[in-house]
Amino acid sequence: MAKKNKWIADHITDNEYHLYKVKKVLVDKETDYQHVKFIETKDYGKCLYLNDHIQFAEKDEYIYHELLIHPALITHPEPKKVLVIGGGDGFALREILKHNTVKEVIVVDIDMQVVELMSELNGKYFQDKRVKMIYGDGRKYLEDTSEIYDVIVLDLSEPVKDGPSNLLFTKEFYNIVKKKLSKIGLMVVQAISPIHPYRKIHIAIYNTLCYIFPIVKLFYAYIPSYGTEWGFAIASKKYDPENLTKDEIEKRLTKRYIKGLKYYYSDLHKGLFTIPKDLLNDINLNKKLIITDKKPLFV
Amino acid sequence: MEVIGKLDYYERQLKTPLFNALVNYARKKKISFHTPGHKHGDGIPKKFRDFVGARIFDMDLTLLEEVDSLQDPKTVIKEAQKLAAEAYGSDYSFFLVNGTTIGNHAMILSVCLPGDKIIIPRNAHKSVIAGVILSGAIPIYVYPKIDKELGIICNVTPQDIEKKILEHPDVKAILITNPTYNGITTDIREIVRIAHQYKKILLVDEAHGPHLKFHPDLPTSAMEGGADICVQSTHKIISGMTQASMLHARKTVDILKLKRILQLLHTTSPSYILLASLDVARMQMATQGREILSRVISLAEESRKHLNNLGIRCFGKEVIGKEGIFGLDVTKLTIDTRNLGNTGYEVSKLLNKKYGIQVEFATPSNLLAIVSLGNTKNDMYRLIHSLKDIKKNFKINENIAKALSNIAIPEFKSDVVLTPREAAFSITKKVPFKDAIGLISAEVISPYPPGIPLLIPGERITKEVYDYLNLLKELGNIINGQDDKRLQTIKVVCETRHEINGFIQSTFEFDKIINFKHN
């Protein structure tokens, strides 16, 4: 009986939790960087929790990962060299490799134990000869590398106090990202949920990106397993994702031989960047909110 | 776990089956009663052998069981070609020993029957024109974009290709040159998409792109882009020896026919030294290409920056996005000689004679320096220093500057009377250029700049063309392609032995053509 009633909680705030009925606990351990739980749930299949925040659920991870990758990669006329910071679970990589323009993907993740845990699911994507996996601090990698990228994907866990991603949401870091992008390069970041308790940080991420990049576009999707709306941002040096025509998006999907997407398609892209009015108002009211190394923000 | 899959690839690609077979055979020192006649080099005159060493002749073999046959590969050549196909991402790869020339011939012959239409760039390499002549195909020309500011020919655009397909829906195939000599690429994926949408076969003359696949900072290669068939000069950019090229194909083309055509065109005595160099070049690129090319790219990029700082223009990635420039292979340094005060030809000569530097080619306005895996920092320093020296000592030549500002393509349509094949196999004669109006050219006439043929064999020398060429002559532009460099005479078609249709035949009566001249 006790087993039957086991639940796992996704910490939204101290006042709000999202509960999932557990079928089986696969992993529950402390790595060098974070607390990792890999749980098989009743309704959403296998789910990964880092520091009690859900990262993905097998059942609907495609929504998050297709949205994280395709709007950004389709906006670039020919993404050849892509860097992923975070993303050790391999799902973002799976989506990137669908673009046959891509000649090289570097994945930099700090937590080797998470990558190894996920290799059962996604190990084959890391075996692709275009892929290089580096274990280490994404910020340090970017500071040191002389490589220039077409697209940089920041698939990070939420910034939590003492978490590994804190200094990857700041003005100083985005400036480094910008320097390592080609003249027509762009970056995409998961920009956490825009729901009320997170809204301040969500807007701060947007403002911080706007401080560094000429073009910044927010977009959202409801992700059932998160039980909430989720936000993403594309920050671009030249191409505005909103300016792509439906025809051009379809052409790009065809010529890159991208088939079998479950969520993303041309019409979705066209409507993706329209922001609800309350959010626009809140952005206007909080224009000065910027995240810096000295003043990071946490959920 | 993730490493295992990749190790398989690298372990396989480290193999050089053909090269190893040659070395093993050479080491056995078998007594030779077979060709080649020099018998392990023992019969080679001393001064040749002393210079190159004796060893190379041990590898100069002929068709023997141990080293396989290029005409019908079954063992080590087959294996080497398979590894090349894996490295380049094709379904089939073929080693070539007569350069990309034979590859261009074979591509066209395997796809086009006599009378089939093929879209080709107006400035296609002469081996492409030769392929058209051999096949009897009808060329439909697409003009590449020209950039007056840079003084170079760019690439063709997908839009222009689509327009040509709509004008000629019965066209069988499209051939593009990608990258161009100067390293400029078109949006090959978009051209593939268009070609396949209209069910056309896409052929790519990728002579200057055998390295593209192996570095993410280089443009997309033909096979990555989804082209049906391409030819690469392994010897031009990476470590194949001169004449060593590769042809890569997908199953979408008739592979059996392609094999047959290659057998027809290839020598039956291919050089095993050249073939082995292909095997080793592929291994080198597949296993170390990323690192080697990173070094080459940074050598080229640093030199480019240096030259521009000295006021010697050498364009880089900033030109991407201009019309006809979708991507750029930065290892090609196109050096603008217009502000060095002389033509590219003169600067090239000077570099050679005074500074001991030989560049790839020169045009009136540019020089092309190919930077590749054999170059060193010192080479780059010498080139930059020499150009700096030339710039210091020369003043702008106003006449040349004026002539070079006249880069243009006239807007006339070529008046095609005969296919290149009919013109090539006709009887020709030389006439004074001034008497040539109305006659059919048997020569390529290509004014520089821009270097795009104004006349191709089989096209009529109209009054417009005549006047335009005279104007260029007066301006002092260089006119290339024809026998008589000063263009005082021109070779024209006077009779064809081929069966041709009524309309064309009537234009062949020489007297009538002469009469036409008076218009």
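Guide: Helices here are DSSP runs of H or I with at least four residues, and strands are runs of E with at least two, both numbered from the N terminus. This is a predicted model, in which local features need pLDDT of at least 70, side-chain atom pairs count only at pLDDT 80 or more, and totals for chains, interfaces and linings use all residues. Residues are numbered from 1 along each chain as its sequence is written, while chains are lettered from A and ligands numbered from 1 in written order.

Visitor: Thanks! How many helices and strands are there in chain A?

Guide: Chain A has nine helices and 12 strands. Its C-alpha atoms fill a box of roughly 60 × 45 × 40 Å along the principal axes.

Visitor: What radius of gyration has chain A?

Guide: The radius of gyration is taken over C-alpha atoms, and the globule rule is 2.2 Å times the number of residues to the power 0.38. For 299 residues, a compact globule would come near 19 Å; chain A has 18 Å, which agrees.

Visitor: Which domains does the assignment give for chain A?

Guide: Domain bounds come from an automatic or database assignment. In chain A they are domain 1 (7-57) and domain 2 (61-285). Their centres, taken over C-alpha atoms, are 23 Å apart.

Visitor: How many residues of domain 1 of chain A are in contact with domain 2 of chain A?

Guide: Two residues are in contact if their C-beta atoms, placed from the backbone, lie within 7 Å. Here 20 residues of domain 1 of chain A are in contact with 18 residues of domain 2 of chain A. On the domain 1 side, strand 5 of chain A gives the most, with five residues. By class, that side has 12 nonpolar, seven polar and one charged residues. Ala, Val, Leu, Ile, Met, Phe, Trp, Tyr, Cys and Pro count as nonpolar, Asp, Glu, Lys and Arg as charged, and the others, Gly among them, as polar.

Visitor: At what angle do helix 5 and helix 6 of chain A cross?

Guide: Axes are lines fitted to C-alpha atoms, for helices over the stretch in contact, with angles from 0 to 180 degrees between N-to-C directions. The axes of helix 5 (residues 171-179) and helix 6 (residues 199-212) of chain A come within 9 Å and cross at roughly 45°. Lys171(A), Tyr174(A), Asn175(A) and Lys178(A) in helix 5 meet Thr208(A), Leu209(A), Tyr211(A) and Ile212(A) in helix 6.

Visitor: How many residues does the contact take from chain B and from chain A?

Guide: The contact takes 13 residues from chain B and 17 residues from chain A. Helix 1 (2-13) and helix 9 (188-197) of chain B each give two or more residues to the chain B side.
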